Amino acid sequence: MKKYLLTLVGLALATPVLAQGNSAIGQYEQESFMGPDNLKGSETDVTLSKDPRLRNVVWIANLLPGGRVKALVFTSNDEGATYSIPAQKVGNFQVQLGCATYSQEGGELTVSLNNKSNCFGMKQSDYNGGVSVTRSGGVQAGNTSVNGRGIHAPGVSVSNGGVRVDTRAVMAGVQYVGHKQGVAKATDDD
C-alpha cells in the first residue's frame, strides 16, 4: 500500500511538469523586429497566451500596436510548435496571412506576417502545384526548382555564381524573433 501511495504521489508531482513540456506559452524578449516604420515603436515584451475557451487558439500580444494577433495551433510536439495565423485586422495593420514557430531547444519564437514564402506549407493550396521531374532531370515543386544549374526558390537562388537573396521578397511584411524569458539561450557550436 505504501509503495502504491508513493507511486501515485510521484505521478501527481510529475504530471504538471510533463504537461508543460513544450509549452510556447509565456513572455518573449525581442531579439529582432523588421517591419513597416509605423510598427517599430513597441519595445514591449511579446506574450503568447492560450485562449481560455478555444483549445487550439493562442494569442500573441504586444507584437502589433492596437491589439492581439490570433494564431491557430498547426503542429505541436516535443521539439516545439507551429502556428498558422489567419487573415485579421490588428489595430491599423491588415494581416493577410502569417505563421509562427516555437523552438523548444532554444526557447525561440519566430513570427512572420504577410510573407507567403516564410509561411509556405501552411495551406493546402500550397501543395496544389504538384511535384514533377523536368526534361533535364531536375525537380520542380511549386515555385521551387532543383536542377543542374542550382536551386531556385522565391527570393533565394543558389548556383555556381553563389547565393543570391532578394531581401524584398524574403523580408516582406513583419518579421519578429524573440527569446522566451527564463529559458537558456542555445549556444552555437560552429
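View 1. The model is predicted, with local features requiring pLDDT of at least 70 and side-chain atom pairs counting only at pLDDT 80 or more, while totals for chains, interfaces and linings use all residues. Residues are numbered from 1 along each chain as its sequence is written, and side-chain values use heavy atoms, with hydrogens and water left out. Strand β4 (residues 67–77) pairs with β3 in the antiparallel sense over five bridges; two strands count as paired if DSSP finds at least two bridges between them. Strands are DSSP runs (E, at least two residues) numbered from the N terminus. In the hairpin of β3 and β4, two residues lie between the strands, and Gly66 adopts a positive phi near 95°.

**View 2. Strand β3 also pairs with β2.** Four bridges link β2 (residues 46–50) to β3 (residues 57–64) in the antiparallel sense. Within this pairing, Val58 in β3 is the residue opposite Lys50.

**View 3. Strands β4 and β5 form a hairpin.** Two residues join the strands. The pairing of β4 with β5 (residues 80–85) is antiparallel and extends over five bridges, with Ser84 in β5 opposite Leu72.

**View 4. Eight strands make up a closed barrel.** The order is β1-β2-β3-β4-β5-β8-β9-β16, with antiparallel pairing. Neighbouring strands of this sheet are turned by 30° against each other on average, direction ignored; the axes are lines fitted to C-alpha atoms, and angles between N-to-C directions run from 0 to 180 degrees.

**View 5. The largest nonpolar core has 25 residues.** Such a core is a set of buried Ala, Val, Leu, Ile, Met, Phe, Trp, Tyr and Cys residues joined through side-chain atoms within 4.5 Å, where buried means under 20% relative accessible area (1.4 Å probe, protein chains only). Ile60, Leu63, Leu64, Ile85, Val111 and Leu113 touch the most other members. Strand β3 gives the most to this core, with four residues. Beyond its neighbours within four places in sequence, Leu63 is in contact (heavy atoms within 4.5 Å) with Phe33, Val46, Val69, Val111, Leu113 and Tyr176.

**View 6. Cys99 and Cys119 form a disulfide.** A search of the whole structure finds one such link, defined as a pair of cysteine sulfur atoms within 2.5 Å. The sulfur atoms of Cys99 and Cys119 are 2.2 Å apart, and the link is left-handed, with -80° about the S-S bond. Because Cys99 lies in strand β8 (residues 98–103) and Cys119 in the loop between β9 (108–113) and β10 (131–133), the pair ties together parts 20 residues apart in sequence. Both Cys99 and Cys119 are buried.

Definitions and conventions. Buried < 20%, exposed > 50% of the residue type's maximum accessible area, 1.4 Å probe, protein only.
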